[in-house]
Structures are given as structure tokens and as C-alpha cells.
Amino acid sequence: MALIERFTAKQGEVGGLPISRALPVVGRRTVGAWCFMDHAGPATLAPGRGMRVGPHPHTGLQTFSWMIEGEILHRDSLGSEQVLRAGQVNLMTAGRGICHSEESLTDRLQLAQLWIALPEHSRFTPPRFEHFAELPQLSLGGFAGTLLVGSHDGARSPVPSDTELLGMDLACVAAAVTELQVQAHFEYGLMALEGELTLQLDNGETASLQPGELLYLAPGQTRLLLRSAAAARLLLLGGPPFPEPLLLWWNFVGRSPDEIRRFAADWNAGLGFGEVRGYDGARLLAPDVPALRAP
Ligand code: MN
């Protein structure tokens, strides 16, 4: 039986920016606590047609923004106002509730927008916002690695997480090959952001990976061989399988349909999420909550 599972990302658009959504996809909801993954861009927007996402809420998760090209401005209900530049990470812990806006400051944009599900013990934590201007850089056999979260090869990212997690960006400018030591109790997801890569497992199984695809690996691997014949970039995400049932709807992560309906009603009534100041535009209202199935 094949160990590598392949999924096709869903193509869409957020705030005027083309996105490729690798999580959740039909058949794969999470990789560790990673429960949402959009690759936005790369795109050059027409001047004056920037990405604008008005104030909207989140609960039960952390938003993790990894900027690859360009700059965006983040504002939230805690009063944070932070420019996110290439090579930097914004981590916003929604906990019991926060709201924020995002707008582009440059025409050229590329970023990864990820969500991390919070475990039961911290999902109602008070909201907070953290910015990381510098992350550990690793040299991995022709690939330049940026350790976004977790640890690898003796390095540790300053980005905290409530569950064991790995996030790593790997980029090469020419042909490259690297062997990555990985954790047997983690599951992994690989998403190509640029170029074409080949993944090989210890049993000899190989799979190619292109933008718009997610490769999933169940726990049990200790070594991954990555190869590219030309310039490429990918995101490697990992963590122990998330043990709690999750219900994602709109911008909320909860555990039951009732909870989701309450989050949506509270946000639309202006209760409990605070207010974003300084954004020139309307807040986004939650759509009518459809019939949701308990996870
Ligand atoms: Mn958001």
C-alpha cells in the first residue's frame, strides 16, 4: 500500500488575491494541529487593487502568517498594528475571540496563511498577538531552510506552540537534494509553493510534488529525501495527529454546531470580539450558519 497520499488543493480568491487551499481538503482535515493552509499568490496586483480583508473574527485557533514576498499590514482588536515583511511571521492567538484586518502594502504578494487548532486546555485562552522578525536559518544540502515553528537539526524556532508542531520553509535556487530527519510520531504534509520536487521515503516509494498539491504522510517515517532539479520552494508541516474532533466553519474553530452558532451570533451582534481601529472599511459579517454536522 502506498504510504504517500496526494490531495489536490482548492483554487480560490481571498481579498482579491488568488489562493490555493491545501487544508482542509476532501479526505484530509488536519496535519498535526495545522487545520488550514492557504498559499496566497505569488501575484502582482494592479496598483490600487490591493488585498483587503476587513475586520473579521476568529476563535479556538492561532493564525500563522508566513510572508514570502511583499508586505501586509495587520491590525487587531488588541490594538496591534504590525507590518509583516518577507521572511517574517505573525502569530495571532485567537483563543476565546479576537478580530483583525489585513491589507497589502505592496503590489507583489506571496504568503502562506495557516491556522493552528488550539487544544482543549487553551482554546479559550485570552487573545494575544506576536510578531517574529527573524527565524532560524538552516542550510540543508542545497535547500535554504527557515524554521517557522518547532525544532529541526538542533535549531528551535522562537514561535511558541501549544502542541508539538513543525513548520519549515525549504527553498532552492538550483538543483538540490536533502535528507531530512523527521519524527516517527508526527504526520507530515508537504506543499510545493514553486517548482517541482520529488519526495522519496526509506522504502523507496517516491512521489512528485507541484504547486496546487498536498502530499500527506502518516506517522512512521524517520527520514525524508527531497530532490529538485531546479529552483523550488515547499512548506513542510508536521505534528502528532490532533486527537480532538474539530469543527471548522467560516473563521471559527469549535467542537460542536451549537458552539459555532454562538460564535457567529456573538460576532454579528458585536459581542465579545472587540473592535479593530484604523481600518477604512466595513467589518465582515458571518453568513447564515448552515446545518452543521457534529465532528
Ligand atoms: Mn483572519
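Analyst: Helices (H or I, at least four residues) and strands (E, at least two) are DSSP runs, numbered from the N terminus. The model is predicted, so local features need pLDDT of at least 70 and side-chain atom pairs count only at pLDDT 80 or more, whereas totals for chains, interfaces and linings use all residues. Residues are numbered from 1 along each chain as its sequence is written, and side-chain values use heavy atoms, with hydrogens and water left out.

User: Which residues of helix 1 are buried, and what do they pack against?

Analyst: Buried means under 20% relative accessible area, exposed over 50%, and partly exposed in between (1.4 Å probe, protein chains only). In helix 1 the buried residues are P257, E259, I260, F263, A264 and W267. They cover an arc of only 165° around the axis, taken from the directions from the helix axis to the C-beta atoms, which puts them on the same side of helix 1. With contact meaning heavy atoms within 4.5 Å, these buried residues pack against strand 5 (52-58), strand 10 (98-104), strand 23 (247-249) and strand 24 (252-254).

User: How many aromatic pairs does a search of the whole structure find?

Analyst: Rings of Phe, Tyr and Trp (its six-membered ring) pair if their centres lie within 6.5 Å; planes under 30 degrees apart count as stacked, over 60 as edge-to-face and the rest as tilted. The search finds eight such pairs. One of them, F36 with W115, is stacked, at 4.2 Å centre to centre and 20° between the planes. Because F36 lies in strand 4 (residues 34-44) and W115 in strand 11 (residues 108-117), the pair ties together parts that are 79 residues apart in sequence. Ring pairs also link W249, W250, F252, F263, W267 and F273 into a cluster.

User: Which protein atoms are donors of the manganese ion?

Analyst: Donors are N, O and S atoms within 2.8 Å of the metal (3.2 Å for Na, K and Ca), and sites may look incomplete because water is not among the atoms. Here the protein donors are H56 (NE2), H58 (NE2) and H100 (NE2), lying 2.1 to 2.2 Å from the manganese ion, and their spacing in sequence is H-x1-H-x41-H. H56 is buried, with a relative accessible area of 4%, and H58 is buried at 2%.
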